[in-house]
Each structure stands twice: as structure tokens, then as C-alpha cells.
Amino acid sequence: MSLNTQKVEFVRSASGPKDFPRESLPQVAFAGRSNVGKSSVINRLLNRKNFARVGSAPGKTVHINYFLVDEKLYLVDLPGYGYAQVSQAEKDRWARLIQSWFDDPTLMTLGVLIVDARHKPTANDVTMADYFKATGKPWVVVANKLDKLKKSEIEPNLALIRETLALPDGVEIVPFSAEKGTGREELLGLITAHAEGRSAQT
Ligand code: GTP
Ligand code: MG
């Protein structure tokens, strides 16, 4: 599948299942800790400066943001987790929204779990990885902020991520820097390959 990443529109901010798009386009879901760079990774894929952030709802409300690329697939920006200042009510809302999204197995074509390349994944990252494992759908891990690592730190950190998340053999880790563009082609390749598989089935 060729994907014109210049052609992209913000579709909507979903606060519950009634807002989830139901047409049979592939959906690529991005999850990760707050501040890990979900919006930056999406912006880098689209080579836009501030697109994902523009689409996200202001304020504290937890939403799932949908971006339609080239009228062929959705990039789905799932709400971030692990934000210390968030109230219990907001955490509950996050859990309900995420659960309702994962409860519908038709929604996800490919999952992308973004972690910080510098650190051991958090307990929340491990929980999120378990959500992805439970879907039975393909998913990948993006190790973002690679530009902040020394060259010698890269391999050991990737190994620690693989081990901490207990990644099955088939799950790839893509070393990535939203800042520098490292990994963009590889991630786009994985996204289009999986989107193609989905389109071929439907
Ligand atoms: P929430 O929407 O709040 O959950 O955050 P997010 O995961 O969307 O993170 P966002 O893209 O807003 O990035 C958070 C901060 O990390 C920003 O200051 C970015 O500039 C920075 N950042 C993101 N990716 C990279 C990267 O690859 N390298 C470096 N050095 N900084 C990055
Ligand atoms: Mg964001």
C-alpha cells in the first residue's frame, strides 16, 4: 500500500464507544505513558510540526483522537497514562474508555506501544503491553527518544525493554526518535504492511 502522509485529517475526539468509527478501514493504535511522545511520533510519521496536538481536546478530559491518513487508514491516539497529577475519577474514566476500546476486537489492526528508550518500562507500560497481548492482534513497540541515548546504551536498553515487557518473539521493537526522524521509515513500513493485510481481507 502506498500511503500519502501529506493527506491527513483530524476526524474526531471520541469520549466513548458511540464515537468510535465503524467503517472497515484499518486502525493503528498508539498507546503510551503521558509525555512519552505519542503525539510527537504521530507528527513525525506525518512530517507535521503540531498536527496531533492540534487535534487533541484541550483540558483534562480523556479522549481517543482519530486521524485519517490518505482516506486509507486511521491513526488512533489513545489517551496517555501514568500522569501523577490525575484524579482517581480521571483514572477511572481512562480505564473505562480504554477497556471499551479494547473490548471491541474489530477496532485494532495494529497496536503501537510507545516506551521511553532511556528507561526500564514502568508497571503501567507492562499493563498496557498485556492489553495488546490479549488482543491477539499484531503489535509493535516503539522505543522513542533514542536521540537521548549514547550509542553504547542502545542495545542494552532495547534488551531491557524486551525483557521487562516479556515481548513474544514476533513483536518487534522499533528504535525511534520523533525529534530526529530515526525509525520513521521502518514504522511506516510496518503500518502500511499491516494495513494492507487488513484491506486484502475485507
Ligand atoms: P500526552 O499527550 O501528554 O500524553 O504526551 P505525549 O505522549 O503525546 O508526548 P508529546 O508528544 O507531547 O511529547 C512530550 C515531550 O517529549 C515534548 O516536550 C516533546 O518535544 C518531547 N519528545 C517527544 N519525542 C521526543 C524524541 O524523540 N526526542 C526528544 N529528545 N524529545 C522528544
Ligand atoms: Mg499527546
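Me: In this predicted model, what makes helix H1 stand out in the lining of the second largest pocket?
Reply: H1, residues 38–46, gives the most to that lining, with three residues. A lining residue needs an atom within 4 Å of a pocket point. The whole lining has 15 residues, and those closest to the pocket centre include Ser40, Asn43 and Arg44, along with Ala178 and Glu179. The pocket itself holds about 320 Å³ of space.

Me: What makes up that lining by class: nonpolar, polar or charged?
Reply: Eight charged and six polar residues, plus one nonpolar. Asp, Glu, Lys and Arg are what count as charged.

Me: How do you know where ligand 1 sits?
Reply: The test is that more than half of a molecule's atoms lie within 2 Å of the grid points. Ligand 1 sits in the second largest pocket, so it passes that test there.

Me: Why is Ser39 called a polar contact of ligand 1?
Reply: The cut-off is 3.5 Å between N or O atoms. A side-chain N or O atom of Ser39 is 2.9 Å from a ligand oxygen, so the pair qualifies. On its own ligand 1 exposes 660 Å², and the protein buries 71% of that.

Me: What makes up the shell around ligand 1?
Reply: Seven polar, seven charged and two nonpolar residues. Lys38, Ser39, Ser40, Asp147 and Ala178 are the closest of the 16. H1 provides the largest share, three residues.

Technical notes
Residues numbered from 1 in each chain as written. Chains lettered and ligands numbered in written order. Predicted model: local features only at pLDDT ≥ 70, side-chain atom pairs only at ≥ 80, totals over all residues. Heavy atoms only, no water. 1 Å grid on protein atoms, 1.4 Å probe; cavity = no way out; pocket = protein on both sides within 12 Å on 5 of 7 lines; lining within 4 Å. Points joined across faces, edges and corners; volume = space filled by probe spheres on them. Helix = DSSP H or I, 4+ residues; strand = E, 2+ residues; numbered from the N terminus. Near = heavy atom within 4 Å. Polar contact = N/O pair within 3.5 Å; in protein donor to acceptor, adjacent residues only side chain to side chain. Areas by Shrake-Rupley, 256 points an atom, 1.4 Å probe, with all protein chains shown as cover.
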